[in-house]
Amino acid sequence: MAEDSEAEKTEPASERRLTQAREEGDIPRSREVSTFTVLMAAGAGLYMMGSSMTRQLSATLTSGLTLTREQAFDPDVLIQRIFADLVQVLITFLPLGVGVMIVAIVSPIFVGGFMFSAKGFMPKFSKLNPVNGLTNMISKNALVELLKAVMKTILVGAVAYMVMMRYKDAIFGLPNEPANEGYAHMLDMLAMCFLFLVASLGFIAAIDAPYQIWHYGDKMKMTRQEMIQESKESDGNPQIKGKIRQMQREMAKRRMMSDVPTADVVVTNPTHFAVALKYTDGAGGAPKVVAKGTDAVAAKIRELAKEHKVAILEAPALARALHKHTDIGDEIPQRLYAAVAEVLAYVYQLRAYRPGGRYPDRPTKLEVPADMDPNNKPAA
């Protein structure tokens, strides 16, 4: 069943799933990289500080074994001397220990980055389930770990043999060297051998790091159903979202309709399009579109305009161009300034008209660029 479940996970992990996993302390980690960096730091520190550490330890050993007859038979002096020598040994190894500890803390950042999660300290009783334990023992990951162990054994064994063969003459010559020089030489050789052995683990770490990243991504994959469920939880039910969008459209339509009575003129197609324009004198801008619509909405705009005595002008090309190239609240395009100015001039003349005077001429030839009218198709 577990294998079937894994086989169904074909979708890459979502950002939400990765964030939740990170909060729970589940991120990609490579033990091989951490082991390699810590051992390499220890070997490098031993190589660089080996001579001075040997001299300090030799001096501590000499001091600890140099006693007068009275001191040798005084238990209090011996205890004090042993305690002082232990403190000196700790001080000698302190720089190396601090350096290795810092590297041990920093090294996990190389794969997976820095992460601290208190949930990682919480016990997980599911790990005590023997069925899960048996499943993990025969899993693909267990096989990979076995192959890594075999590779490490073979690689480290081969490197150890080559290093021993290289230094065998120097090792056999150590008894012939003076004590202080022999200690320093031996420690240098041990450090070099250690570095060679650790460097061989770098090959395993270089393979393990990308594998762990890939394995984590594969483990975090989701089924199609999980993706749908998460989308519903994060974005909401599609039906509810559709209802909300419908309500938003209705509210916007009501707001738009409430602005129609404030318009200066409504330009129509005459039946398919209606665009309501308003110009605020002294505002410093161009006329704005306060409402627009087609078919039923256009009919409602015309009805409100008649009810509130807003001028209605039939100008099909201008109505289509305004509807196509503007949104509610936008200023009219600059290329339509001349046509709209002529319309507004007609509207203002209507407002100034008094019975007995000359009735304003209705504009019939408005300048609308051909490419702005959606009914004008470009020539093939």
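Predicted model: local features only at pLDDT ≥ 70, side-chain atom pairs only at ≥ 80, totals over all residues.
**Overall make-up**

The protein chain holds 13 helices and four strands. Of its 380 residues, 29% are buried.

Strands of a sheet pair through backbone hydrogen bonds, in either a parallel or an antiparallel way. In this model, the four strands make an open sheet with the order 3-2-1-4, and the pairing is mixed. Strand 3 (288-294) and strand 4 (311-314) are the edge strands, each pairing on one side only. On average, and with direction ignored, neighbouring strands of the sheet are turned by 20 degrees against each other.

Strand 2 (residues 273-278) is paired with strand 3 in the antiparallel sense, over six bridges. Within this pair, Lys278 stands opposite Lys288 of strand 3, and Val275 has Lys292 in strand 3 as its bridge partner. Although strand 3 is an edge strand, it is mostly covered, with five of its seven residues buried.

Helix 11 (residues 295-307) lies across strand 1 (265-268), strand 2, strand 3 and strand 4. The helix runs at about 130 degrees to strand 3.

**The second largest pocket**

Rolling a probe the size of a water molecule over the atoms shows where empty space is left. In the second largest pocket, this space comes to about 160 Å³. The lining is made by Thr54, Leu57, Ser58, Leu61, Thr62, Tyr183, Met186 and Leu187. Helix 3 (31-65) and helix 8 (179-219) are the elements that give two or more residues to this lining. Helix 3 has the largest share, with five residues. By type, the lining residues divide into five nonpolar, three polar and no charged.

**Two single residues**

The table gives the accessibility of each.

| Residue | Relative accessible area | Class |
|---|---|---|
| Thr223 | 13% | buried |
| Arg362 | 43% | partly exposed |

Why is Thr223 classed as buried? The relative accessible area of Thr223 is 13%, and therefore Thr223 falls under the 20% limit for a buried residue. Arg362, at 43%, lies between the limits of 20% and 50%, so Arg362 counts as partly exposed.

Which residues does each one touch, leaving aside neighbours within four places in sequence? Thr223 is in contact with Glu8, Lys9 and Glu11. Arg362 is in contact with Ile312, Leu313, Glu314 and Tyr346. Arg362 and Tyr346 are 16 residues apart along the chain, and their C-alpha atoms are separated by 6.8 Å.

Notes:
Residues numbered from 1 in each chain as written. Heavy atoms only, no water. 1 Å grid on protein atoms, 1.4 Å probe; cavity = no way out; pocket = protein on both sides within 12 Å on 5 of 7 lines; lining within 4 Å. Points joined across faces, edges and corners; volume = space filled by probe spheres on them. Nonpolar A, V, L, I, M, F, W, Y, C, P; charged D, E, K, R; others polar. Pairing = 2+ DSSP bridges. Axes fitted to C-alpha atoms, helices over the stretch in contact; angles between N-to-C directions. Contact = heavy atoms within 4.5 Å. Buried < 20%, exposed > 50% of the residue type's maximum accessible area, 1.4 Å probe, protein only.
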